[in-house]
Amino acid sequence: MKMVVVAGTPGSGKTSVLMHAVKDLLRSGRSPALVKIDCMWTEDDARFRRLQVPVAVGLAKDMCPDHYAIYNFDEMLQWAEAQQADMLLNETAGLCLRCAPYPDKALAICVIDVTTGPNSPLKVGPLLTTADAAVMTKGDLVSQAEREVFRERILEANPGCRIIEANGLSGKGSAELAQLMASWPDISGEMVLRHNPPLAICTLCTGELRISKEHHRGVLRHLDGFMEYTGE
Amino acid sequence: MSQAIEIMPLTLTIQGGVDKDGHSDAVSEIEIARGEIIGIVGPTGSGKSTLIADIEQFALGDTPSGRRILINGLEPAGEMRSNPRKKLVAQLSQNMHFLADMSVEEFLKMHAKSRGKDPGLADKVIALANTLTGEPVNPAFQLTILSGGQSRALMVADIAVISDSPIVLIDEIENAGIKKQEALRLLAGEGKIVVVVTHDPMLALMASRRIVMKNGGMTKVISTNEDEQRVFKDVERMDGWLTSLRETIRQGEVVA
């Protein structure tokens, strides 16, 4: 079984890029199964289902969607196994950029939208810096020079990563992406995350609605950067 | 300095793929030699930009058109396709504006770095851009505030100086608001292969051949014959006249 985690900000084109890659994978005789993780609602599964591949949806609801994905990776793999798939493709919800839900042995792909400007690769954090490949989308909306500057910025953030220029509308780059997925080694044994999830253990995590500082306990960080533990 | 582009391509070959309905291109192969300007013509949506994109990424049957691009008759190596330092292609696209939130100078230095060139070239790009546009570009300007004409001039100058590559792709230069013949001359340089998408009679007739696109496919190749070359002389004269009229009106004077 191979495992691919596709992460990236909302609207960056994860689903479209993945749809084209799935078509290429099917053409080359692979059997991918897809799990889409989202927060409250998604209709991406309907798009994926049109490709005639096994599709499952996970809605994280009150849980952080990346933590939810990580917590359920085992279950996703078992499900993919039961679908007789040889590859699990997991598309993340893509939200706060602080978590990188990449297991060490999976192929980690970060989809990143060129129109967000050349500073965005520096803002994305571990989602990009710990990825194996960065997929640049919407490059047709900018000049070649701007694409090249963006590429340079990605390499500044993650010098070793493979960069694929893709277009979710035309399907450009999907063959290269599918090839990379198919050539990735199978997963085996115990997996660990590449990057530690953030410290997020405070009263807000458990549902406190009041805003003032006096109501909050836990590991908390002040605007000036001072971090402290308050509580029992 | 790097010895980046030692391998000057001699020929660029486009091998046919399929149109939007999956029918084979009527033009099965076209070979373009150094020093040639070749046009791409056809109505909106006929696949001109797709053909340009195929060339830009050196398609190897792995794009929706299924076309293949060969350099000197061979498939280009992977590095040549993606690494800007090894890229043989410079492209001027239809995009008239920058989205990058950076200053002109910072952007150009970064671009020079991405191509493995001297960041000092930034000044040269700006100076050249200012010969193409009536509104001077200042190195400290943010890219996003530049006008269409300024952006276009900067993109052209950037290609001539920083992306100086043996193959130049141009998508619709006539929409520019800059001096188009001068821009084309700059981009074409010496002994380059120039592929230009155009509906402009003058630019189309400047090309020695033009590929005709329809429904995503390459339907035929027309060589510019002697009659057309005669027409070109007339068009050139007319264009010069229109340009001077435009300048008169722009300067707030009365057309005599």
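This is a predicted model: local features need pLDDT of at least 70, side-chain atom pairs count only at pLDDT 80 or more; totals for chains, interfaces and linings use all residues.
Start with chain A. Its domain assignment gives domain 1 (2-183) and domain 2 (199-232). The C-alpha centres of these two domains of chain A lie 32 Å apart.

Chain A holds an open sheet of seven strands. The order is β3-β2-β4-β1-β5-β6-β7, and the pairing is parallel. At the edges stand β3 (55-59) and β7 (162-165) of chain A. Each has a single partner strand, so one side of each is left without a neighbour in the sheet. From one strand to the next, the twist averages 20 degrees.

Look now at one pair inside this sheet. Strand β1 (residues 2-8) of chain A runs parallel to strand β5 (residues 107-113) of chain A, and five bridges join them. Val4(A) has Leu107(A) as its bridge partner in β5(A). Helix α1 (residues 14-27) of chain A packs on the sheet. This helix touches β1, β2 (32-38), β4 (87-91), β5 and β6 (133-137) of chain A. The direction of α1(A) makes about 165 degrees with that of β4(A).

Next comes the contact between the chains. Chain A gives 20 residues to the contact, and chain B gives 25 residues. On the side of chain A that touches chain B, the elements giving two or more residues are α7 (144-157) and α8 (174-183) of chain A. The largest share of that side, seven residues, comes from α7(A). By class, the side of chain A that touches chain B has seven nonpolar, seven polar and six charged residues.

Turn to chain B. Here domain 1 is made of two segments, 8-84 + 168-224, and domain 2 covers 89-164. The centres of the two domains of chain B, taken over C-alpha atoms, are separated by 23 Å. Their contact takes 18 residues from domain 1 of chain B and 17 residues from domain 2 of chain B. On the domain 1 side of this contact in chain B, α1 (48-56), β6 (167-171) and α6 (180-188) each supply at least two residues. By class, that side has eleven nonpolar, two polar and five charged residues.

Chain B has an open sheet of three strands, in the order β2-β1-β4, with antiparallel pairing. Its edges are β2 (29-33) and β4 (68-71) of chain B. Each edge strand has a single partner, so one side of each is left without a neighbour in the sheet. Neighbouring strands of this sheet are turned by 15 degrees against each other on average, direction ignored. Four bridges join strand β1 (residues 11-15) of chain B to β4(B). Ile14(B) has Ile69(B) as its bridge partner in β4(B).

Parallel pairing also occurs in chain B. Strand β3 (residues 37-41) of chain B is joined by four bridges to strand β7 (residues 193-197) of chain B, and the two run parallel. Ile40(B) stands opposite Val197(B) in β7(B). Four bridges also join β3(B) to strand β8 (residues 209-214) of chain B, again in parallel. In β8(B), Val212(B) is the bridge partner of Val41(B).

Helix α6(B) deserves a separate look. Which of its residues are buried? They are Lys180(B), Ala183(B), Leu184(B) and Leu187(B). Seen down the axis of α6(B), these buried residues fall within an arc of 95 degrees, so they line one face of the helix. An α-helix has 3.6 residues a turn, so residues three or four places apart point the same way. The face of α6(B) turned away from the buried side carries the exposed residues Glu182(B) and Arg185(B). The buried residues of α6(B) pack against β5 (89-92), α4 (121-132), α5 (148-161), β6, β7 and α7 (201-206) of chain B. After α6(B) comes Gly189(B), whose phi is positive, near 50 degrees.

Two residues of chain B other than glycine also have a positive phi. For Phe58(B), phi is near 45 degrees. Phe58(B) is found in the loop between α1 and β4 of chain B. Asn72(B) has a positive phi of about 50 degrees. Asn72(B) is found in the loop between β4 and α2 (78-82) of chain B.

Is Phe58(B) buried or exposed? Phe58(B) is buried, because 24 other C-beta atoms lie within 10 Å, and the cut-off for burial is 20 or more. Asn72(B) counts as exposed, with 12 C-beta neighbours inside 10 Å.

Terms used: Residues are numbered from 1 along each chain as its sequence is written. Chains are lettered from A and ligands numbered from 1 in the order in which they are written. Two strands pair if DSSP finds at least two bridges between them. Axes are lines fitted to C-alpha atoms, for helices over the stretch in contact, and angles run from 0 to 180 degrees between N-to-C directions. Domain bounds come from an automatic or database domain assignment. Two residues are in contact if their C-beta atoms, placed from the backbone, lie within 7 Å. Ala, Val, Leu, Ile, Met, Phe, Trp, Tyr, Cys and Pro count as nonpolar, Asp, Glu, Lys and Arg as charged, and the others, Gly among them, as polar. The arc is that of the directions from the helix axis to the C-beta atoms.
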